[in-house]
Amino acid sequence: MTFPAPFNSLLEEVVRMFYLQRCGGTLQTEHAGDFSHPACHAAPSRVYGTEEFLSVTGGWHDAGDYGRYSAPAAKAAADLLLAYQAAPALFTDDTNIPESGNGVPDLIDEARFELEWMLKMIRPDGAVYHKVTCANFCGMIPPHLECEETVVSPVSTTATGDFAGAFALASRVYGAFDPAFAQACLDAARRTYAFLRSSPPLPFHNPPGITTGEYDDPCDADERFFAAASLFAATGERAYLDDAESLWSAELPVSLGWEDMAGYGYLCLLFSPFAAGDEPFLQTLRERFFAHADALAGASETSPYGVSLAAPLPWGSNMYLLNNAVLLGEANRLRPSYRYAAAVERHLAYIFGENPLGMCYITGYGEHSPRHPHHRPSAAHGKPMPGMLVGGPDSGLHDHLAKERLLGKPPFECYLDELESYSTNEVAIYWNSALVYALALYGAMAGSLDT
Ligand code: G3I
Ligand code: 9MR
Ligand code: ZN
């Protein structure tokens, strides 16, 4: 994809962020430059409240902290796989990661790195552990210096549904690269789904003594719907479609957030080669999907900033904005329309700097970009790692510095380029992944805006 300077290397660098977030092994200088480090978090992890230890090494550090959390991991992996499906020609095999030159696009290698870790987070009965983290957040140290014991927290049905959905999607994508791995992904999807189907909701809350990110989500209906829809798209088996239909409800938001995953279920079914176009359930989904896309395009046309988000802005608003760009971009692939395409471009323009603060919200790009992200490796090195999307304005003022400095500010200005402002200036894998997916869709429609 070509962008105007200084954005020409953007997509590659935004994908390389995932390599730089890798946990478990050494990051060599030849690939990671200043952000190389010895192996981190390599010891076995205690299963919470027991004397049992598991090897759950690997995966990407979630964000500015070094936790590895299952639900956001599944969203991030799904975004990368869907980005590849939308625009395979954009992703090359030469971006200087250890797997470069192996004949498989680096994006597909990178997603597999996460999937291999995710396989380790599945309990033998098919339930998925919610996260592996130290008991508490550490200071601003590099990853290999966080040496406290890591703890595997209890299972949740939100994580289990997300895994079933993401592994079923992976089984479709890896079929072309490694059939044995694709089969392992499909087995994992069926196994986690079988547990989910037989289990009442198991919501997650931090157990006593654990204070890291909670990713608490009281509703697992959307994850169940995504899981069934994705398994149908992978297998064509009618039972999964019947499940998806009974799990679906009009109340499930058409969303791609870590907490609201039903939008992925829509995408699985609307793009599925197995889905008969005249099936009434699919027609219902199609109508709701396009009604939602039209509403997003309408909001973006009337917004002073050209985007579909309006106040109040949540923690990680840049992700919600890019998730909407993705929905618009996918609507455009299904039913090409200048309206959708133009809205995708405006959303990306906002992220690049057409916003009230004139900030490019990606480290290392544009005239004004974050210098002090809440990201431990960057803080430890005294310079921002490039290619990271920060969370952006959060009008809820969720950290002490935001409360102190932003009270009374307009919502779109509730952002601080300060290390301490984790609610506005942190980074996260599932925020970068939304950017990768939106950029891929933008690349896929390149040229359609000029006509
Ligand atoms: O569920 C309520 C909803 O009912 C209400 O309408 C809405 C209004 O703002 O709030 C919703 O809760 C929000 C929740 O996310 C779910 O969307 C909370 O206010 C909000 O504070 C919460 O923010 C999350 C934050 O962790 C705190 O839990 C962010 O989405 C999430 O991205 C962030 O994730 C952190 C991890 O915990 C740790 N690692 C870093 C990562 C990024 O900052
Ligand atoms: O650094 C933590 C960040 O990764 C989390 O997203 C955030 C919210 O869970 O919490 C940060 O840790 C802060 C903690 O919550 C409160 N004390 C200050 C910590 C930041 O240094
Ligand atoms: Zn690590």
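The following questions and answers examine a predicted model.

Me: Which atoms coordinate the zinc ion (ligand 3)?
Reply: The donors follow the spacing C-x16-C-H-x19-H along the chain. The distances to the zinc ion (ligand 3) run from 2.0 to 2.3 Å. The coordinating atoms are Cys 23 (SG), Cys 40 (SG), His 41 (ND1) and His 61 (NE2).

Me: What geometry does the site of the zinc ion (ligand 3) have?
Reply: Four donors count as tetrahedral if all angles lie between 85 and 135 degrees. The 4 donor atoms of the zinc ion (ligand 3) make angles of 100 to 116°. Ideal angles for four tetrahedral donors are 109.5 degrees. The site is therefore classed as tetrahedral.

Me: Are Cys 40 and His 41 buried or exposed?
Reply: Cys 40 and His 41 are both among the residues that coordinate the zinc ion (ligand 3). A residue counts as buried under 20% relative accessible area, and as exposed over 50%. In this model, both Cys 40 and His 41 are buried.

Me: Which strands lie at the edges of the open sheet of 5 strands?
Reply: The order of the strands is E2-E1-E6-E5-E3, and their pairing is mixed. An edge strand pairs on one side only. The edge strands are E2 (53-54) and E3 (68-69).

Me: Which residue in E2 stands opposite Arg 46?
Reply: Strand E1 covers residues 45-47 and pairs with E2 in the antiparallel sense over 2 bridges. Strands of a sheet pair through backbone hydrogen bonds. The residue in E2 opposite Arg 46 is Phe 53.

Me: How many cavities of 30 Å³ or more does the whole structure hold, and what is the volume of the largest cavity?
Reply: A search of the whole structure finds 2 cavities of 30 Å³ or more. The lining of the largest cavity includes Asp 65, Tyr 66, Glu 146 and Arg 376, and its residues divide into 5 nonpolar, 4 polar and 3 charged. The volume of the largest cavity is about 60 Å³.

Me: Which helix gives the largest share of the lining of the second largest cavity?
Reply: The second largest cavity holds about 30 Å³ of space, and its lining has 7 nonpolar residues, with no polar and no charged ones. Helix H3 (70-86) and helix H9 (262-270) each supply at least two of the lining residues. The largest share, 3 residues, comes from H9.

Me: Which helices give two or more residues to the lining of the largest pocket?
Reply: The largest pocket has a volume of about 500 Å³. Its lining has 23 residues, and those nearest its centre are Gly 213, Tyr 215, Trp 315, Glu 426 and Tyr 430. The elements that give two or more residues are helix H11 (317-334) and helix H16 (429-444).

Me: Is Tyr 215 buried or exposed?
Reply: Tyr 215 is found in the loop between helix H6 (179-198) and helix H7 (221-235). Its phi is near 45°, a positive value in a residue other than glycine. The relative accessibility of Tyr 215 is 12%, so this residue counts as buried.

Me: What is the relative accessibility of Asn 96?
Reply: Asn 96 lies in the loop between H3 and helix H4 (106-120). Its phi is near 65°, a positive value in a residue other than glycine. Asn 96 counts as partly exposed because its relative accessibility is 36%.

Me: What is the omega of the peptide bond from Ala 311 to Pro 312?
Reply: Pro 312 is placed in the loop between helix H10 (280-302) and H11. The peptide bond from Ala 311 to Pro 312 is cis, with omega near -5°.

Technical notes
Residues are numbered from 1 along each chain as its sequence is written. Chains are lettered from A and ligands numbered from 1 in the order in which they are written. This is a predicted model: local features need pLDDT of at least 70, side-chain atom pairs count only at pLDDT 80 or more; totals for chains, interfaces and linings use all residues. Side-chain values use heavy atoms; hydrogens and water are left out. On a 1 Å grid over the protein atoms alone, a cavity is a set of points where a 1.4 Å probe fits but cannot get out, and a pocket is an open set with protein on both sides within 12 Å along at least five of seven lines; lining residues have an atom within 4 Å of a point. Grid points are joined across faces, edges and corners, and a volume is the space filled by probe spheres set on the points. Ala, Val, Leu, Ile, Met, Phe, Trp, Tyr, Cys and Pro count as nonpolar, Asp, Glu, Lys and Arg as charged, and the others, Gly among them, as polar. Helices (H or I, at least four residues) and strands (E, at least two) are DSSP runs, numbered from the N terminus. Donors are N, O and S atoms within 2.8 Å of the metal (3.2 Å for Na, K and Ca); water is not among the atoms, so sites may look incomplete. Four donors count as tetrahedral if all angles lie between 85 and 135 degrees; four count as square planar and six as octahedral if opposite donors are over 155 degrees apart and all others between 65 and 115; anything else is irregular. Buried means under 20% relative accessible area, exposed over 50%, partly exposed in between (1.4 Å probe, protein chains only). Two strands pair if DSSP finds at least two bridges between them.
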